Amino acid sequence: MALLEVEALSRSFGGVHAVQDLSFEIEQGKIHSIIGPNGAGKTTVFNLITGLYRPSSGRVVFDGVEVTGYVPHELARRGMSRTFQNLQICFNMSAVENVMVGAHLRLDQGMLGSMLRIPTVARRDAECRDEARELMRFVGLDRYVGAAADSMPYGALKRLEIARALAARPKLLLLDEPAAGLNPTETHEIDALIQRIGDSGVTVVLVEHDMKLVMGISARILVLDYGRKLAEGSAQEVRGNPEVIAAYLGGSVEAGST
Amino acid sequence: MDRFRGLAVLALIIVVLPLALRNSYHYDVAIRIGMNATMVVGLNLLIGYAGQISLGHAGFFGLGAYASAILTSRYGWPPIAAMISGMAAVGVIAFVVARPILRLRGHYLAMATLGLGIIIYMVLVNESGWTGGNDGMNVKAFSIFGFSLANERAWYWVTGAVLLVAIVLARNIVDSPVGRALRAVHGSETAAQVAGIDTARYKVRVFVVSAVFASAVGSMMAHYVGFITPQVSSFFHSIELVTMVVVGGMASTYGAVLGAAILTMLPQLLSRFEGYEMIVFGLILMLTVIFLPRGLVPTIAARLRKSD
Ligand SMILES: Nc1ncnc2c1ncn2[C@@H]1O[C@H](COP(=O)(O)OP(=O)(O)O)[C@@H](O)[C@H]1O
Ligand SMILES: [Mg+2]
């Protein structure tokens with residue numbers, strides 16, 4: 001069954017057609033990737049799916065419900081979670097607190113209960129802190145468990161975003177270039193991490209330029225170019241597609257797969 | 001126990017301070033510090049933690065002050081009932097105006113809250129049938145269960161207790177899922193939304209809470225001073241309050257208390273320069289923003305941590 005269905009989705013900015021008439025499906029429990037050159041519209045697709053942008057036209061169906069035009073926090077409530085290509089970290093908080101923000105919907109949100117610090121709120125919050133620490137270890141941030149967010153290096157912040165997204169216990173996790181700017185060792189670790197997340201039953205959509213990572217991990221790959229679908233299929237199928245090879249200036253898809 | 005350390009230190013200061021207070025003028029300054037600090041602790045939730053500026057909070061202070069003045073003197077309400085009604089009414093007003101105003105950001109938010117404060121000020125000036133207009137109005141002494149707060153000493157202890165309670169409430173909010181949501185609104189509104197936080201709703205909630213704090217302190221100040229004019233809701237008063245937040249430290253509860261203490265004492269020390277206080281205020285605000293953008297307490301705390 002498809003967890004996410006995108007139908008004829010379009011979005012333009014002024015004269016720029018960032019996404020045009022795009023349709024695809026994301027199947028439950030698999031790792032999917034969206035690839036394409038810079039400016040192809042990958043991040044815009046994520047922004048449309050997660051409600052940060054409203055589509056110019058088209059539909060988004062998530063978990064059997066049409067959610068076109070829903071605002072981000074409503075989609076989060078339904079089980080959508082994501083990370084950002086350009087980091088969105090709260091530098092006014094500790095690392096653990098950033099992760100705890102991800103668990104917001106599972107916590108008591110009453111103003112009065114918080115103000116009076118009623119025992120159930122305090123207890124649940126303490127549990128949440130422990131879970132957040134656990135998640136930080138899961139994504140490989142053991143040494144930053146007590147750190148302030150603004151003292152962490154770039155690579156660690158990328159993982160922190162993943163931990164925050166996981167804290168929501170999402171059905172669908174959208175990762176926007178999680179390996180960008182990482183060295184080969186770190187990229188390898190992120191690869192393993194995404195695999196573990198997929199194995200835990202979370203449906204993952206990955207936007208990534210590292211072809212080795214993408215080709216190795218993805219059940220299905222969607223290739224975008226100028227906001228349109230260029231190709232779709234398994235790693236094998238996409239790799240052999242002449243149009244894809246042309247769009248990547250011949251060869252870098254191949255090169256990445258070696 | 002970390003949560004109570006600052007509170008214990010402040011409580012100790014409040015208990016010991018009377019040893020240094022020689023006369024009723026000293027008590028008066030201490031009481032004003034306490035009241036301003038209470039108000040600024042609330043305002044800091046909005047400005048420091050949630051990152052939303054307000055240049056109109058003196059308006060809510062004024063509404064609380066006049067609610068108490070009018071309900072007690074014209075309708076003979078008990079002061080505590082007037083104060084609570086004022087807080088409720090201000091809460092409702094803040095709730096109604098918050099949603100359209102807090103959709104704005106940055107300069108636009110500053111302008112809109114400034115406008116709100118000015119409107120409240122003008123209403124208090126123009127509705128002179130109720131408020132006495134620019135001539136001001138007298139306010140009865142505060143009394144509860146037949147016990148009247150008549151002298152500075154009594155006010156001192158009440159103000160100190162109210163400040164401590166306000167700090168506990170504010171710290172509880174900050175250190176809760178609600179407080180994290182507010183700080184996330186400041187840190188990255190996009191991240192907050194995607195994490196499921198209805199950011200618009202949280203901005204409204206913290207705006208209402210800070211307005212109710214302001215109203216409560218307005219009521220107390222009205223009874224304590226015994227006479228109010230619309231100046232209590234003036235633009236300059238709003239600026240004073242924001243300066244206290246900024247100087248003491250954004251997103252620092254005890255910073256807010258320190259900011260209130262410094263900027264309440266300052267005009268007293270500068271009374272020889274009558275008429276120039278406002279300039280000194282402006283200068284302090286500028287220097288703080290340029291040299292200590294995070295404010296006193298967070299900057300000092302960071303230094304101490306580094307030297308550990
Ligand atoms: N908020 C925006 N305003 C204007 N143009 C945008 C905006 N977001 C994306 N675009 C444009 O849409 C196109 C696709 O961008 P993007 O989705 O970021 O590509 P990718 O993530 O594949 O590199 C680009 O031409 C970009 O300039
Ligand atoms: Mg992108």
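Author: In α5(A), the buried residues are Val121(A), Asp125(A), Cys128(A), Ala132(A), Leu135(A) and Met136(A). This is a predicted model, where local features need pLDDT of at least 70 and side-chain atom pairs count only at pLDDT 80 or more, while totals for chains, interfaces and linings use all residues. Residues are numbered from 1 along each chain as its sequence is written, chains are lettered from A, and side-chain values use heavy atoms, without hydrogens and water.

Reader: What do they pack against?

Author: They pack against α3, α4 and α6 of chain A, together with α8 of chain B. Contact means heavy atoms within 4.5 Å.

Reader: Why is Thr288(B) called buried?

Author: Buried means under 20% relative accessible area (exposed is over 50%, partly exposed in between; 1.4 Å probe, protein chains only). Thr288(B) has 8% relative accessibility, so it counts as buried. Thr288(B) sits in helix α13 of chain B. Helices are DSSP runs of H or I with at least four residues, numbered from the N terminus.

Reader: Why does Ala67(B) count as buried?

Author: Ala67(B) has 17% relative accessibility, so the label is buried. Not counting residues up to four places away in sequence, Ala67(B) touches Ala82(B) and Gly86(B).

Conventions:
Helices (H or I, at least four residues) and strands (E, at least two) are DSSP runs, numbered from the N terminus.
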